Amino acid sequence: MRRESPMPVSCWCSSMSGEAGGGYRSATISVLVDNEAGVLARVIGLFSGRGYNIDSLTVAPVEDGGQRSRINIVTSGTQMVIEQIKAQLDRLVPVHRIADLTQLGPHIAREMALIKIVAPAGDKRAEALRLADAFRARVVDATTESFVFEMTGSTDKLDAFVALMRPLGLAEVSRTGVAAMARGPRAI
Amino acid sequence: MSTHPTPPETPSASAPGAEILLRALKDQGVEVVFGYPGGAVLPIYDAIFRQNAIRHILVRHEQAAVHAAEGYARSTGRVGVVLVTSGPGATNAVTGLVDALMDSIPVVCLTGQVPTHLIGNDAFQEADTTGITRPATKHNYLVKRGEDLARVVHEAFYVARSGRPGPVVVDLPKDILIGAAPYTPPPTAPHRSYRPQTEPNADAIARAVALLKGAKRPVIYTGGGVINAGTEASEALRSFVRRTGFPCTSTLMGLGAYPASDPQFLGMLGMHGTYEANLAMHGCDVMLNVGARFDDRVTGKLAAFSPGSRKIHVDIDPSSINKNVPVDVAIVGDAGRTLLALLRAWDADAAEPDRAALAEWWRQIDAWRGKDALRYTQPQTKGAVIKPQYAIQRLYQLTREAGRETFISTEVGQHQMWAAQFFKFEQPNRWMTSGGLGTMGYGLPAAMGVQIAHPDALVIDIAGEASILMNIQEMATLAQYRLPVKVFILNNRYMGMVRQWQELLHGGRYSESYSAALPDFVKLAESFHATGLHARSVDELDGVIRAMLEAPGPVIADIAVDEKENCFPMIPSGAPHNEMILGPEHEADAAGIADAGLVLV
Ligand SMILES: Cc1ncc(C[n+]2csc(CCOP(=O)(O)OP(=O)(O)O)c2C)c(N)n1
Ligand SMILES: [Mg+2]
């Protein structure tokens, strides 16, 4: 199943020859940047201009005073392409630090979704509520013919829940994209 | 997280932004600005009018301002500076910016912008300059507050010249230029985030030397990074090549870093490189790449590129390493410092290189050299058509005889490749050419910038009749500033490089590549207050070159050359190095061109 992306997705894969680049992998990369005008455009332009994939991208200020932002990018490619992506990000002037969380070891990656179900009273409504309970989704809005669930978790878990909701009246999904950091004491 | 915030510099008394800007330029050591005025930058022109420290050179097109700044930068090792107005001024500069980006040339381009309150309103001559130039620059800035102005200008210079150099745009809204701004001097503390690594890692140096010492068929492959790292880097390269006894080849951008006349030099490599350079790259067992980027013009077919070698790559830009070609030893650092570190480690290592194997390798290289792949035949009978290669060779020989310090720029096409093959550069910073972007129209303005930096030197633009028309308006700039640039046109009446590909790859269908309706270049020169000369046959060539070299002012020399001559050797796009096409002088060895070449550029 193809999941919605929070940002425009560049769709052609890099022309890098597969043999030289090793196996294809997914990478979650965190980037600490100066929170200045255009910095997000720079990062996105880098991905679209060089034909890298963006599976998810989130950005928000993370420091007091809002001087720095953290961008979390989920991307995929051969090992060689992922190394390129990191090197290309690292040489952007406003970039302070980058961390390839996937490579550094165990990490936590979470996203939040709002999921709207339109289902008048009946079996589907009851089933949706039961599943929401099992997935620990919270009901944050309800009318006689609709619900909005809020759910936080891994991308896979959200994907699975959204798939289950589809036949039960799924009307709309809004996802944040991934926020991530390494487990243990290591900081970016 | 460690950050090194710049300690707040005590701002000195404020002045109008335009004056603060000029003061910052002065403190950055700027002597010359190449520019073109317009509404949004009038406050800067006003400030320029009221001072004498910075000279303004009025070009005739903003693209030319950037190429001139590139020529200035490349020939001096300093940052070139450009000043253009908003909207069309900025968009006209874009080609130059991308050219500087591709060839890693330090340029700061100041662009005017509509006042901050009008930004986003589709105001007159508004363009989203930072948006348009984001992928065209190393970095760009929009100054939105007067208090940021001086800091941003200083930072722009730092970013342009540090690490892998490149173009930086500073977009300056008109109200910022008029309003009061405080001055801050160049910062002394390190930049908060951009701190490129220049010192190589000792461990990587040791691994590199171990590989090099054990090499039986080594080759040193150098690029523009050595030129960018300054004359010390070229010195270090010379020492290292001589100490090791290894053969050395260069990319188009690196010519001059190692002296062309030295027997250890194999000539340029790549698509139109020498037979010996490309076969040495193909057959080597250890390759040391210093400041080159495994560009497709150099590697040919990637999968077949130098298949049996262990590779060491020295580059100041980590993103250049393992980008196209996976390497065994990656060394991030300044080319000069790394070469010195390699030299020290080479001397400190007791192991002896395999002299017998090296001698055998040189015998092989000499055999390849013996093929003389650049060979051509110039009939000397009166009235004989001039071979373009011969024209460059005579130009080279006669400029040598003239004994003046000589700088060469080129346009783009066959003439550029022949210049690279036949003009021998003994020193760095003497050769300006558009390598990465391949921009026709680069050569004349670049030569202009070189001549500004070196008023007493001989500066020649080796041109094609098609390319020269792309920035021909700069003849007026030459006239205005009495710049004695010589334009040496190899006039083959074709976009020769296009015609060559059409002949070799497109069944001889010469679609739109004929240079019809050419101007009379002699009259054209004269109308721009320059001297016009032309040579129609081989017997006229030397006389024209001599007259050109002796003329005190600018000259256009129109040299009619063989229309059908092709540039060889040639490795077609997508072919491996050992499938080179040699010229008609080597008919018997001609190899076929892969169909894959058709889709490549
Ligand atoms: C601005 C630009 N447009 C198009 C090209 C494609 N191109 C490369 S070489 C060439 C022909 C150049 O002709 P000329 O200047 O006469 O040089 P010659 O090859 O004949 O020596 C063209 C059109 C280019 N490099 N730059
Ligand atoms: Mg031509």
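Student: Where is the place of His96(A)?
Tutor: His96(A) sits in strand E4 of chain A, which covers residues 95-100. Helices (H or I, at least four residues) and strands (E, at least two) are DSSP runs, numbered from the N terminus. Please note that this is a predicted model, in which local features need pLDDT of at least 70, side-chain atom pairs count only at pLDDT 80 or more, and totals for chains, interfaces and linings use all residues. Residues are numbered from 1 along each chain as its sequence is written, chains are lettered from A and ligands numbered from 1 in the order in which they are written, and side-chain values use heavy atoms, with hydrogens and water left out.

Student: Is His96(A) buried or exposed?
Tutor: His96(A) is buried, with a relative accessible area of 11%. Buried means under 20% relative accessible area, exposed over 50%, and partly exposed in between (1.4 Å probe, protein chains only).

Student: Which residues is His96(A) in contact with?
Tutor: Leaving aside neighbours within four places in sequence, His96(A) is in contact with Leu32(A), Val33(A), Asp34(A), Arg68(A), Arg192(B) and Ser193(B). Contact here means heavy atoms within 4.5 Å. The side chains of His96(A) and Asp34(A) are also joined by a polar contact of 2.8 Å. A polar contact is a pair of N or O atoms within 3.5 Å; within protein, one must be able to donate a hydrogen and the other to accept it, and residues adjacent in sequence count only if both atoms are side-chain atoms.

Student: Arg68(A) was in that list. Where is Arg68(A) found?
Tutor: Arg68(A) belongs to strand E3 of chain A, residues 68-78, and counts as buried at 9% relative accessibility. The C-alpha atoms of Arg68(A) and Leu32(A) are separated by 6.7 Å, although the two residues are 36 apart along the chain.

Student: What does the secondary structure of chain A come to?
Tutor: Chain A has six helices and nine strands. Of its 188 residues, 44% count as buried. Among contacts in chain A between residues at least 6 apart in sequence, 75% join residues at least 24 apart.

Student: And how many helices and strands are there in chain B?
Tutor: Chain B contains 21 helices and 20 strands. Its radius of gyration is 25 Å, close to the 25 Å that the globule rule gives for 601 residues, so chain B is as compact as a globular protein of that length. The radius of gyration is taken over C-alpha atoms, and the globule rule is 2.2 Å times the number of residues to the power 0.38. The C-alpha trace of chain B spans about 70 × 65 × 45 Å along its principal axes, and 61% of the 601 residues count as buried.

Student: Are Asn492(B) and Tyr494(B) buried or exposed?
Tutor: Asn492(B) is buried, with a relative accessible area of 6%, and Tyr494(B) is buried at 12%.

Student: What about Thr133(B) in helix H5?
Tutor: Thr133(B) lies in helix H5 of chain B, residues 129-133, and is buried, with a relative accessible area of 1%. Its side chain makes a polar contact of 3.0 Å with the side chain of Asn140(B).

Student: Last one: which residues does a cis peptide bond join?
Tutor: The bond joins Phe568(B) and Pro569(B), with omega about -5°. Pro569(B) is found in the segment after strand E20 (555-560) of chain B.
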